[in-house]
Amino acid sequence: MSGNSSINFTSFANLTDASWGCMSPINTVNCTRHSVVTGFALVTLLLVAYKLFFFHYRRHSAWHQFVIFYAAAVQLILLFVHWMLVQQVELSFVALFFKSIQALTVVYFYCSLAAHQLRQEKVFSWVFVPVLGLIFAYFIAAMIYALATTVGDHDECYDLSWILFACGESALSFVFLLAGVQITRKINAIRMATSSRRSQKLGLWLLIAAFSVSSICGLTVDVYALTDRSTACERILGERDGPADTARYICVRALRYLLPVWAMIVVFRVPDASQDGAS
């Protein structure tokens, strides 16, 4: 028992001040960075909890929104714990997995909507559903690989698991983009009020843009970490104290982990008491 404790202590001792954040040893700059991103996550979690409360209170029937926001709540709790309390990189990988559940649910919903509008339900059932199932299995495999191989030391930003998640997210964003193009064409062809058409297209492309930017940000950072081992970790983990490094540290985490949740909070509104709101 004592041997395991010493090993864990040594691995924690190897972490940089940036990894510890506001824990001992305290670094003011890194503590501020962690506090900012953790504050963003906490406020986002409160908004998600507000959504879920009213979804239950008003008996919202859109099952995909329950899945999305419950997965978002778990992701945000994991990020809060990881960024502020427990510095274990495995928590980031599990958070990315729950982020992928949100993306898969959103893509499934919009792909099914596109198939219904184009009267291609069989294509959806025989093509898109298996593809999304394979992507989901891919994310499960990526998470298992990450948890089985990650050692949690100071070279964590070089872990191949980041690339695996980023590639999966990029593929999913591309599928979402294809569905978005088809849905937009159908919306333009349907007779409806101009304000309603604008609102539907705005919500759709806001989600596409959010997931695309998030996946591109993650893929760019991860490729950079693998190609530049001399300074990449310092920049990604925020081991430098310059203003540009602080801004980069906050922006990368906000774009990669929080931007899609913010978009979904805006797009998927709490239904009025007089209507179900599933549409």
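Visitor: Leaving aside neighbours within four places in sequence, which residues is Phe-176 in contact with?

Guide: Phe-176 is in contact, meaning heavy atoms within 4.5 Å, with Val-106, Val-107, Tyr-110, Leu-204, Leu-207, Ile-208 and Phe-211. This is a predicted model, in which local features need pLDDT of at least 70 and side-chain atom pairs count only at pLDDT 80 or more, while totals for chains, interfaces and linings use all residues. Residues are numbered from 1 along each chain as its sequence is written, and side-chain values use heavy atoms, leaving out hydrogens and water.

Visitor: Why is Val-81 called partly exposed?

Guide: Buried means under 20% relative accessible area and exposed over 50%, with partly exposed in between (1.4 Å probe, protein chains only). Val-81 has 26% relative accessibility and therefore counts as partly exposed.

Visitor: What do the buried residues of H6 pack against?

Guide: They pack against helix H5 (89–117) and helix H7 (160–189); among these buried residues are Phe-124, Leu-132 and Phe-139.

Visitor: How many residues has the largest nonpolar core?

Guide: A nonpolar core is a set of buried Ala, Val, Leu, Ile, Met, Phe, Trp, Tyr and Cys residues joined through side-chain atoms within 4.5 Å. The largest has 63 residues, and Phe-176 is one of those with the most contacts inside it. H5 gives the most to this core, with 16 residues.

Methods: Helix = DSSP H or I, 4+ residues; strand = E, 2+ residues; numbered from the N terminus.
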